[in-house]
Amino acid sequence: MIKLFKVKEKQREIAENANGKAPVKKQSAGELRLHKDISELNLPKTCSISFPNGKDDLMNFEVTIRPDEGYYLGGTFLFSFQVSPIYPHEAPKVKCKTKVYHPNIDLEGNVCLNILREDWKPVLNINTIIYGLFHLFTQPNYEDPLNHDAAAVLRDNPKLFESNVRRAMAGGYVGQTFFTRCM
Amino acid sequence: MADAAPPSKSRDLDKLLLRPGNLVGPSFEPGVQLRDDLQEYAKVLVVGAGGLGCELLKDLALSGFKNLEVIDMDRIEVTNLNRQFLFRLEDVGKPKAEVAAKRVMERVSGVNIVPHFCRIEDKDIEFYSDFNIIALGLDSIEARSYINAVACSFLEYDSDDNPREETMKPMVDGGTEGFKGHARVIVPGVTPCFECTIWLFPPQVKFPLCTLAETPRNAAHCIEYAHLIKWDEVHSGKAFDPDNPDHMKWVYDEAVKRAELFGIQGVTYSLTQGVVKNIIPAIASTNAIISAACALETLKIASGCSKTLSNYLTYNGVEGLHTKVTEFVKDKDCLVCGPGVLVELDTTVTLQKFIDMLEEHPKLLMSKASITYRGKNLYMQAPPVLEEMTRSNLSLPLYDLMDKVPKDILHVTGTINKDNKKSSGLRKLRVIFKGIDGVTDMDMAGGA
Ligand SMILES: [Zn+2]
């Protein structure tokens with residue numbers, strides 16, 4: 001291709017500074033795929049999405065879940081999503097911003113959901129993740145504990161677990177840990 | 001005649017460049033002119049000055065390239081010295097790009113290497129446009145994906161969807177992991193681009209968080225526990241920085257405690273670095289093999305002295321040695337290197353009218369389209385919050401929404417109704433506005 005390089009170099013010398021084409025913002029392939037995911041979102045009534053940085057930043061968004069059944073009925077839980085430029089090759093980073101007494105969510109907001117880590121596949125999408133998060137509230141499970149204590153209580157004494165969840169959501173202490181009201 | 005050529009210090013190279021042959025590339029014209037042009041006009045950018053980058057710079061300089069530049073954002077660490085052979089103990093802490101460029105220029109006379117100590121995203125598109133070939137010595141998928149998008153953004157297609165050779169920016173990509181490696185040639189529009197075949201890179205193994213929290217079984221589990229869970233617990237709000245040695249030491253110490261608690265062996269500082277930064281141990285000789293292949297492909301692309309690798313070489317030195325070349329195919333609908341669907345419009349067409357037209361367009365047949373243009377979401381069908389924010393655009397001319405550029409790339413998402421089947425799709429469009437000065441040819445392709 002050297003002949004081509006030579007021609008181009010000659011052209012470049014002539015055209016030096018001639019075309020002041022403005023630098024263009026590029027959309028990564030990940031951003032485009034996310035655009036597709038978002039424009040096809042089909043959320044249950046219990047979930048809503050918002051974009052803190054406005055309509056042109058889809059890579060950072062928040063999802064609010066208001067469970068309509070189960071232990072967490074009446075609570076409002078906020079999750080932040082951070083999506084990488086190589087999405088969907090890599091799963092989004094998801095954190096729970098609401099402090100919650102939950103066997104599968106720790107007090108720092110880390111979430112144990114298989115499709116966010118070991119079982120993520122590029123065919124999955126944002127909708128699947130939101131449904132997965134929703135199910136954590138209707139079906140918390142003690143087999144994948146991140147909050148060890150909450151998991152043990154759920155396993156051994158579901159009644160106590162229920163009252164702990166209510167107390168945490170209403171704003172109060174469970175053991176040594178204080179939870180702010182989220183109802 | 002070849003024999004009449006003046007003596008050259010690159011005697012061996014002359015055998016390739018000055019004589020005709022049967023196995024040469026399609027446009028090969030041997031002679032002194034070729035050798036001189038190669039030195040004068042071929043400009044190669046080396047991305048990365050680590051294990052592969054050091055080898056690439058040295059190999060390219062010794063292959064007769066005179067105009068090289070190298071870009072790398074890292075500084076030299078002690079642990080680099082075993083394989084990044086251009087660096088010495090006294091260089092620790094200095095920018096890799098600068099030291100690498102200096103060392104190669106000291107050793108190979110006549111070569112000029114310009115170093116760039118910065119992130120690849122810090123350079124504008126004009127910077128990359130200057131190079132004829134980009135050689136990649138990287139260890140991250142993100143960085144490859146970025147450079148690939150940049151290189152493909154120069155590609156233009158003619159009105160028959162044929163890529164225009166003068167707009168192609170070839171890349172040569174190398175990568176190694178321990179005893180394994182790959183070398184590939186990417187000619188945008190001709191061979192598959194990085195995005196066409198991103199599935200070749202296996203996703204990073206991620207351990208379940210609950211395993212880390214409850215039932216660690218190996219040293220890596222202990223390290224990831226300290227890195228992903230314990231760090232947040234102790235440093236609420238402070239982000240972990242993998243390049244901060246204090247942070248790394250903290251994670252290492254916590255991982256050791258965790259390992260003791262569970263009776264697990266094998267947590268070391270270098271393993272901690274490896275797990276946290278997702279580094280697979282690099283082997284100098286694998287880097288040398290892969291880099292040599294990449295440097296030769298670069299020479300072949302530039303000179304045409306031989307046909308290029310077509311198009312993906314894998315090298316596997318685990319338990320014996322196996323190497324093979326696979327010819328992967330392009331994804332014709334690739335959002336990054338594909339031509340996209342050509343659409344001609346009047347400047348008066350509103351966004352709403354445009355969306356309606358997509359439904360009728362024979363190559364698209366797309367209903368309920370959402371439209372995005374260079375990071376601006378012009379219209380979103382869902383979710384309701386975004387639909388509301390973008391609805392007012394529907395009555396505006398698309399030409400205005402695209403900043404009155406005569407031709408550019410748009411992306412659309414929607415439901416494709418083909419053969420009575422509905423599927424969801426994401427498509428690239430080449431939009432051209434009719435009757436605008438300066439557009440004589442329907443030839444815009446652009447990148448992602
Ligand atoms: Zn492609």
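Reader: What is the relative accessibility of B:R88?
Author: The model is predicted; local features need pLDDT of at least 70, side-chain atom pairs count only at pLDDT 80 or more, and totals for chains, interfaces and linings use all residues. Residues are numbered from 1 along each chain as its sequence is written, chains are lettered from A and ligands numbered from 1 in the order in which they are written, and side-chain values use heavy atoms, without hydrogens or water. B:R88 sits in the loop between strand 2 and helix 4 of chain B, where helices (H or I, at least four residues) and strands (E, at least two) are DSSP runs numbered from the N terminus. Buried means under 20% relative accessible area, exposed over 50%, and partly exposed in between (1.4 Å probe, protein chains only); B:R88 counts as partly exposed, at 40%.

Reader: How many helices and strands does chain B have?
Author: Chain B has 448 residues, of which 53% count as buried. Its secondary structure comes to 14 helices and 13 strands.

Reader: Which residues donate to the zinc ion?
Author: Donors are N, O and S atoms within 2.8 Å of the metal (3.2 Å for Na, K and Ca); water is not among the atoms, so sites may look incomplete. The protein donors here are SG atoms lying 2.2 to 2.3 Å from the zinc ion. They belong to B:C193, B:C196, B:C334 and B:C337.

Reader: What is the geometry of the zinc site?
Author: Four donors count as tetrahedral if all angles lie between 85 and 135 degrees. Ideal angles for four tetrahedral donors are 109.5 degrees. The angles among the four donor atoms of the zinc ion are 97 to 118°, and the site is tetrahedral.

Reader: Which side chain does the side chain of B:T197 contact?
Author: B:T197 is in the loop between strand 6 and helix 7 of chain B and counts as buried, at 1% relative accessibility. A polar contact is a pair of N or O atoms within 3.5 Å; within protein, one must be able to donate a hydrogen and the other to accept it, and residues adjacent in sequence count only if both atoms are side-chain atoms. At 2.8 Å, the side chain of B:T197 makes a polar contact with that of B:R184.

Reader: Which residue has its side chain in polar contact with the side chain of B:S367?
Author: B:S367 lies in strand 10 (residues 366–373) of chain B. Its relative accessible area is 11%, and therefore B:S367 is buried. Its side-chain partner, at 3.3 Å, is B:N417.

Reader: What is the phi of B:N420?
Author: Most residues other than glycine have a negative phi. B:N420 is in the loop between strand 12 (407–418) and strand 13 (421–433) of chain B, and is exposed at 86%. Although B:N420 is not a glycine, its phi is positive, about 60°.

Reader: What is the omega of the peptide bond joining B:A382 and B:P383?
Author: Most peptide bonds are trans. B:P383 lies in the loop between strand 11 (376–379) and helix 13 (384–390) of chain B. The bond joining B:A382 and B:P383 is cis, with an omega of about -10°.

Key:
Tetrahedral: all angles 85-135°; square planar, octahedral: opposite > 155°, others 65-115°.
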